[in-house]
Structure formats: C-alpha cells, structure tokens
Amino acid sequence: MELTEVEEFEKKLRKTIDRVLLKHKGDVIKQLWVDEYVNGIHCSLCGNIGVIDTSNATTPNGQIVGRKNFCICPNGRLAKRLNYLDS
Ligand SMILES: [Zn+2]
C-alpha cells in the first residue's frame, strides 16, 4: 500500500522528532524537571532523596500499582547509577 503525500510527510516528521528527542533526551528531561519540579533548592518530587515512593498508590478499583522509582532529578539520576533503592 502506498502512502499519501501527507502520510509520507508525517512519517518523515515523526522520524526527525524521534531522532531529536533521542539525541536530546537528557536535556528534555532536565528542562522538564527545572521548569516543573524545582522548588527553591529542593526537588518537589522526591524531596532530594532521589527516590519517589508510590508503593501505596492504587487505581480507583483498588489494584496496587505503586512502587519505588528513581526520580528524574540529579539525585535520582545518581541513585539510579548507583542502583540505590532501599526496600
Ligand atoms: Zn527528585
């Protein structure tokens, strides 16, 4: 099946966006963190401990979906590199 001109354009655009996002993934995440989650000198996601604990999070019907996650902040990135997750 041949792609239409618009589909071909969208496919090329998607590839370009994916390539740029992959190349600048770290920058995008860092900027998102700075724009949305920095509170003074603290990370509002994890309180600077590098781990976000959502262990008690459940869906409205009670399914447990939480866990401990490495934060996207610098402390979280370091914790991930050191594989630091207390259980
Ligand atoms: Zn954090």
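Let's begin with helix 2, which covers residues 25–37 of this predicted model. At 1.5 Å a residue, its 13 residues should span 18 Å, and the end C-alpha atoms are 17 Å apart, so the two values agree. Is helix 2 tucked away or in the open? The number of its 13 residues that are buried is 0, so helix 2 lies largely in the open.

**Overall layout**
- The protein has 3 helices and 4 strands.
- Along the principal axes, the C-alpha atoms fill a box of roughly 50 × 35 × 25 Å.

**Burial and the core**
- Of the 87 residues in the protein, 10% are buried.
- Which residues form the largest nonpolar core? This core has 7 residues in all: Cys 43, Leu 45, Cys 46, Phe 70, Cys 71, Ile 72 and Cys 73.

**Contacts**
- Setting aside neighbours within four places in sequence, Phe 70 is in contact with Gly 50, Val 51, Gly 76, Ala 79 and Lys 80.
- Across the protein, take the contacts between residues at least 6 apart in sequence: 38% of them join residues at least 24 apart.

Definitions and conventions. Residues are numbered from 1 along each chain as its sequence is written. This is a predicted model: local features need pLDDT of at least 70, side-chain atom pairs count only at pLDDT 80 or more; totals for chains, interfaces and linings use all residues. Helices (H or I, at least four residues) and strands (E, at least two) are DSSP runs, numbered from the N terminus. A residue is buried if 20 or more other C-beta atoms lie within 10 Å of its own, exposed if 12 or fewer, and partly exposed in between; C-beta atoms are placed from the backbone. Two residues are in contact if their C-beta atoms, placed from the backbone, lie within 7 Å. A nonpolar core is a set of buried Ala, Val, Leu, Ile, Met, Phe, Trp, Tyr and Cys residues joined through C-beta atoms within 7 Å. The expected span of a helix is 1.5 Å times one less than its number of residues.
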